[in-house]
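Visitor: I am new to this structure. Could we go through how its helices pack together?

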Amino acid sequence: MRSFLFVPADSEKKLAKGASSGADALILDLEDSVALSNKEAARKNAADFLKSADPHGPKLCVRMNALDTPLWKDDLKSVVAAAPHAILVPKTISGACIAKVAGHLTELEAEAGLRSDTIKLFCVATETAASMFNLNTYAGSSPRLFAMTWGAEDLAAALGARDNKDESGNYTGPYQMARTLTLLGAVAAGVIPLDSIYKDFRDEAGLELEARAAARDGFTAKMAIHPAQVPVINRVFTPSDEDLAHARAVIEIFEKAGDVGVVALDGVMLDIPHLKQARALLARAEAAKAIQ
Ligand code: COA
Ligand code: MG
């Protein structure tokens, strides 16, 4: 999965549009993009959409409200029976938050006659100051956990920041740290590192640069907030023919060299980490082909 498109679940029009956006996954949002007065309508729309969705369409996820609100249990209750692919938990403080939601899901799955652990979990793990100190606590929190992402908007609000980007449009220190620690925390937990949103949805070039930087660092997917962002994200996170050819060349030169730890290709030193990277890229491309 490369692209996860947020869709405010109180908008039937956007839900319909999301389904044909080409996103690998949709995140039906019950949280920040839905006004308090619309939460109940959003829950009902989300459940109806889940029940009537094309099984060959995008994977359907739901973002619940945060654990410190009185809303989250009713969010889960309204969608579990329709068996979403995953629940996105916002504003997690540590792996304990994932364990808490997982425990509640187990009860709801039993009530709905679903097998335990049917519904996966992922989280926005950097939305409060305290959460930033706990990004290494997610490993082993629940077998449901499959991805971790980060967010710069709520963190800026939590910090009382005036902005989260500098004059050149680059994230300032706290948000770069959130991004990096999420990447490290996700890899340490053995789950997908999922890059955050790019909120300037008319700026395709800016999105592409940010997505490329994320892919370069090790993120394998990115969230979107507008359908126009989906093709850009899908393109960037699909290994290019050039990348694949290079990976094959790396593997081939090691095979030809026999039992060695280091080789040269086009004047560049390659050792075991480069071989691992090449194999991982080809494995990812194979896995993507298998689900298409
Ligand atoms: N999912 C599905 N459809 C969307 C969409 C989304 N996230 N964002 C826009 N669309 C639809 C619009 O409804 C519109 O449909 P139409 O052509 O049938 O009228 C079309 O795509 C073009 O939209 P556009 O006019 O360019 O944008 P907008 O002003 O309608 O919407 C936002 C802008 C930011 C309000 C909208 O993109 C949005 O709601 N994004 C998601 C916000 C969110 O979920 N935030 C929480 C996570 S950070
Ligand atoms: Mg938010």
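Visitor: What is the handedness of the crossing of H2 and H3?
Guide: In this predicted model, helices H2 and H3 cross in a right-handed sense.

Visitor: Which residues make that contact?
Guide: From H2, the contact draws on Arg 43, Ala 46, Ala 47 and Leu 50. H3 contributes Asp 74, Asp 75, Ser 78 and Val 79.

Visitor: And how do they divide by class?
Guide: The contact of H2 with H3 has four nonpolar residues, one polar residue and three charged residues.

Visitor: At what angle do the axes of H2 and H3 cross, and within what distance do they come?
Guide: The axes of H2, residues 39-52, and H3 cross at roughly 30° and come within 9 Å. Angles under 35 degrees count as roughly parallel, so H2 and H3 are roughly parallel to each other.

Visitor: Now for H3 and H4. Where do these helices lie in the chain, and at what angle do they cross?
Guide: H3 covers residues 72-79 and H4 covers residues 95-111. Their axes cross at roughly 40° and come within 11 Å. H3 and H4 are therefore oblique to each other.

Visitor: What is the handedness of that crossing?
Guide: The crossing of H3 and H4 is right-handed. On the H3 side, the contact is made by Trp 72, Lys 73, Leu 76 and Lys 77. On the H4 side, Lys 100, Val 101, His 104, Leu 105 and Leu 108 take part.

Visitor: How many residues of that contact are nonpolar, polar and charged?
Guide: The contact of H3 with H4 comprises five nonpolar residues, one polar residue and three charged residues.

Notes: Residues are numbered from 1 along each chain as its sequence is written. Chains are lettered from A and ligands numbered from 1 in the order in which they are written. This is a predicted model: local features need pLDDT of at least 70, side-chain atom pairs count only at pLDDT 80 or more; totals for chains, interfaces and linings use all residues. Side-chain values use heavy atoms; hydrogens and water are left out. Axes are lines fitted to C-alpha atoms, for helices over the stretch in contact, and angles run from 0 to 180 degrees between N-to-C directions. Helices (H or I, at least four residues) and strands (E, at least two) are DSSP runs, numbered from the N terminus. Angles under 35 degrees count as roughly parallel, over 145 as roughly antiparallel, 65 to 115 as roughly perpendicular and the rest as oblique. A crossing is left-handed if the near helix is turned anticlockwise from the far one by less than a right angle, and right-handed if clockwise. Contact means heavy atoms within 4.5 Å. Ala, Val, Leu, Ile, Met, Phe, Trp, Tyr, Cys and Pro count as nonpolar, Asp, Glu, Lys and Arg as charged, and the others, Gly among them, as polar.
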